[in-house]
Amino acid sequence: MNWTNAYTGKRALVSGAGSGIGEAAAVALRAAGATVYGLTSNPTTLAAARAKHPEIRWLSADLGKRAEVELAVKSATAEGRLDLLVNNAGIYKFASLEASEEAMVRSQFDVNVLGAIFLTQAALPALRASRGAIVNVSSTSARKASPGQVVYAATKGALESFTRALASELATDGIRVNAVAPGPTMTGGIAKIDMPPEVRAAAMEQMPKMIPLGRTGTAEEVAHWILTLGDPGVTWVTGQIVGVDGGMTAG
Ligand SMILES: NC(=O)c1ccc[n+]([C@@H]2O[C@H](COP(=O)([O-])OP(=O)(O)OC[C@H]3O[C@@H](n4cnc5c(N)ncnc54)[C@H](OP(=O)(O)O)[C@@H]3O)[C@@H](O)[C@H]2O)c1
């Protein structure tokens, strides 16, 4: 689909925009005409993101810290309206329940769930004013988790419930709330998952076999659906979770 000018005059905020799916969404939104605010988590990633994509307006906030989140949204909305919030930032750390240490459990809930909730709360007045849209980034794991993903799956399950409940709460404000649930997508985040090289090699070989369409996805393929759900022209879709997963959750 050609998004040229679909977002002209619109303003979007994308969390986790410095890499992977968030970066692809931020770049596509900018190409489609939006003014894009990209959120990263720290000054190092902020400097790298700014150098790579000067066309995006960069902000830094650790999503686990509510005060930082509020400050970042304040700077973005001080410059004008906000039409789209993309809650994309997330961390995935895989381990069995027994091996899931407290810090690992808390950090995933902090970013994947509380981060999305606090960012949405802070952005809500501006989204209300524009009757904007929210797109959350869930995961296939919420519906179809493999062993070792128990905590991550729980965070994404919470994000999907948040999506549906918020869609119903904000419907009378004209704000649409939807989510994409990607399957395995080749991003830097996948490369960062801590596992022995032989386990990684086996997982990489196994992954396409679990996907009916026979391959992993790209960040751009997921971004396409973020832009579709956020599109100001898509006016009668809310509370939906769209699986972008090569058919992984089809059966
Ligand atoms: N790749 C997949 O196979 C896949 C599948 C299903 C769902 N997803 C979901 O897609 C989203 C993006 O994942 P990805 O694969 O693109 O991974 P990624 O490249 O690692 O991107 C994750 C982003 O989250 C940001 N982030 C992490 N901790 C943060 C914090 N405390 N505060 C603010 N931002 C923080 C990171 O920003 P910094 O670099 O600045 O820390 C990074 O830009 C995640 O929600 C993930 O759960 C991914």
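**Close-up views of the ligand site and the nonpolar cores**

**View 1. Make-up of the shell around the ligand.** The shell around the ligand comprises 12 nonpolar, 15 polar and 3 charged residues. The model is predicted. Of the 30 residues around the ligand, those that come nearest are Ser-41, Asn-88, Tyr-92, Tyr-152 and Thr-187.

View 2. Helices H1, H5 (150-170) and H6 (188-192) each supply at least two residues of the shell. H6 gives the most, with 3 residues.

View 3. An N or O atom in the side chain of Ser-41 sits 2.6 Å from a ligand oxygen. Thr-187 also places a polar side-chain atom 2.6 Å from an oxygen atom of the ligand. Thr-185 uses its backbone: an N or O atom there is 2.8 Å from a ligand oxygen. The protein buries 91% of the 890 Å² that the ligand exposes when taken alone.

**View 4. The largest nonpolar core.** This core has 30 residues. Tyr-7, Leu-29, Leu-84 and Ile-226 have the most contacts inside it. Strands E1 (11-15), E4 (84-87) and E5 (133-137) each give two or more residues, as do helices H1 (20-31), H2 (43-52) and H8 (219-230). H8 provides the largest share, 6 residues.

**View 5. Ile-226 and its contacts.** Leaving out residues up to four places away in sequence, Ile-226 touches Tyr-7, Ile-21, Ala-25, Val-86, Val-135, Val-137 and Val-180.

**View 6. A second core.** A separate core of 28 residues includes Leu-59, Val-69, Ala-72 and Leu-82. In soluble globular proteins, nonpolar side chains tend to be buried together.

Note on methods
Residues are numbered from 1 along each chain as its sequence is written. This is a predicted model: local features need pLDDT of at least 70, side-chain atom pairs count only at pLDDT 80 or more; totals for chains, interfaces and linings use all residues. Side-chain values use heavy atoms; hydrogens and water are left out. A nonpolar core is a set of buried Ala, Val, Leu, Ile, Met, Phe, Trp, Tyr and Cys residues joined through side-chain atoms within 4.5 Å. Buried means under 20% relative accessible area, exposed over 50%, partly exposed in between (1.4 Å probe, protein chains only). Helices (H or I, at least four residues) and strands (E, at least two) are DSSP runs, numbered from the N terminus. Contact means heavy atoms within 4.5 Å. A residue is near a molecule or strand if one of its heavy atoms lies within 4 Å of it. A polar contact is a pair of N or O atoms within 3.5 Å; within protein, one must be able to donate a hydrogen and the other to accept it, and residues adjacent in sequence count only if both atoms are side-chain atoms. Accessible areas come from the Shrake-Rupley method with a 1.4 Å probe; for residues, only the protein chains shown count as cover. Ala, Val, Leu, Ile, Met, Phe, Trp, Tyr, Cys and Pro count as nonpolar, Asp, Glu, Lys and Arg as charged, and the others, Gly among them, as polar.
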